[in-house]
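Please look over the structure shown here with its charged side chains and its helix packing in mind. The report that follows takes these topics in turn.

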Amino acid sequence: MVDLRALALDVGYRSLLRPALFRIGSGDAEAAHLKTLQQVARLGDQPRALHAVQRLLHVPTSPVLVAGIEFPGRVGLAAGMDKDGVGVRAWGALGFGHVELGTVTARAQPGNDAPRLFRLRESRGVINRMGFNNHGAAALADRLRAAGPVGVPVGVSVGKTKVTPVEEAVEDYLASLRLLDEVADYLAVNVSSPNTPGLRSLQDKEPLAELLAELVTTAGRLARDRGVTPTPIFVKIAPDLTDGALDDVLEVVQHADVSGLIATNTTVGRDGIADGDLPLADETGGLSGAPLTRRARYVVERIAQRTKLPVIGVGGVMTAADGTALIDAGASLVQVYTGYIYRGPALVQELNRSLG
């Protein structure tokens, strides 16, 4: 039987709300992003409106235990959508079973010059070169303390401050860890964004081993001091790694005692771009959305076959079938970002129904 409410939500978003959003700022994708975040933040500050939205969008889901954390559902919001946690009170009501904030850095930074966010409409994709624009780890920690419990697990993606030399990256990540350890349900180590110079070199075997050893050791020490379980640490990897490089990453993470992997980040490749979007293909940055669907699924399946660590699958989840395929490939949870831009709340509802 057709769910008329879900159908109306889907059609309403695609025919009314999305066109309006895409017109904001004369088509400026970042202006629309910021406007959307403002509205989500306002929703989070209005308990009665938040409750009404939650009733409208709620789909029953079954909890799942991953890395010692109970997630009320399998569908989460990927990092990049809400870097500074301005809408953290609202995302659970919008149907998400967890939210990953960030990427944040030890120091606040403006990111790369605009324009830095581009929609590839025919391809159902996005290219971004944001460059970790954020208010810093300390500001996010303060916001999370002020927000209090939000009803769903909150992860935080941490990256390297741009001005920090790569050889000093370990201490930079540790600074963020110390600030966020008490307020995040898990931390995601982002060593795979293509938009910070030198960052992806931290996926190489030796620097990754050094970084993860220090982070895991420090998280353990902080936990012992507080008499609690260490904050789980996940590692987010690029979709562009060769099979050999993926195997090297797996060898490192399994020896480092991390809690899991997130696959994948955006790609520097340009496969799958529709002809009408080719003028944007030369824009520098990471590509997400439908062109990444198959590659993300391949990476998830490959690493899930080679490790018992849980995997969060992200990349090109545009339909319920895409989310189901990632779970079938071995992911424990899925995250959405670009699919949410193109499909809106209906996608989250469909995924929750499909993944239960």
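## A salt bridge between partly exposed residues

Arginine 178 and glutamate 171 form a salt bridge, with 2.8 Å between the closest N and O atoms; the term stands for a side-chain nitrogen of Lys or Arg within 4 Å of a carboxyl oxygen of Asp or Glu. Arginine 178 has a relative accessible area of 42% and is therefore partly exposed, and glutamate 171, with 44%, is likewise partly exposed. On this scale buried means under 20% relative accessible area, exposed means over 50%, and partly exposed lies in between, with a 1.4 Å probe and protein chains only.

The model is a predicted one, in which local features need pLDDT of at least 70 and side-chain atom pairs count only at pLDDT 80 or more, while totals for chains, interfaces and linings use all residues. Residues are numbered from 1 along each chain as its sequence is written, and side-chain values use heavy atoms, with hydrogens and water left out.

## Other salt bridges

By the rule given above, the count comes to 15 salt bridges. One of them joins the side chains of aspartate 10 and arginine 343, at 3.5 Å from N to O. Because aspartate 10 lies in helix H1 (residues 4-23) and arginine 343 in helix H10 (residues 338-343), this pair ties together parts that are 333 residues apart in sequence; helices here are DSSP runs of H or I with at least four residues, numbered from the N terminus. Aspartate 10 and arginine 343 are both buried, and a network of salt bridges links Asp10, Arg14, Arg343 and Glu350.

Arginine 145 also forms a salt bridge, its partner being aspartate 142, and the closest N and O atoms are 3.5 Å apart. The two residues are 3 residues apart in helix H4 (residues 137-147), so about one helical turn separates them. Arginine 145 counts as partly exposed because its relative accessibility is 47%.

## The packing of H7 and H8

Helix H7 (residues 243-256) packs against helix H8 (residues 293-306) at an angle of about 45 degrees, and their axes are 11 Å apart; axes are lines fitted to C-alpha atoms over the stretch in contact, and angles run from 0 to 180 degrees between N-to-C directions. H7 and H8 are therefore oblique to each other, since angles under 35 degrees count as roughly parallel, over 145 as roughly antiparallel, 65 to 115 as roughly perpendicular and the rest as oblique.

The contact, meaning heavy atoms within 4.5 Å, involves residues of H7 including Leu246 and Leu250, and residues of H8 including Val299 and Ile303.
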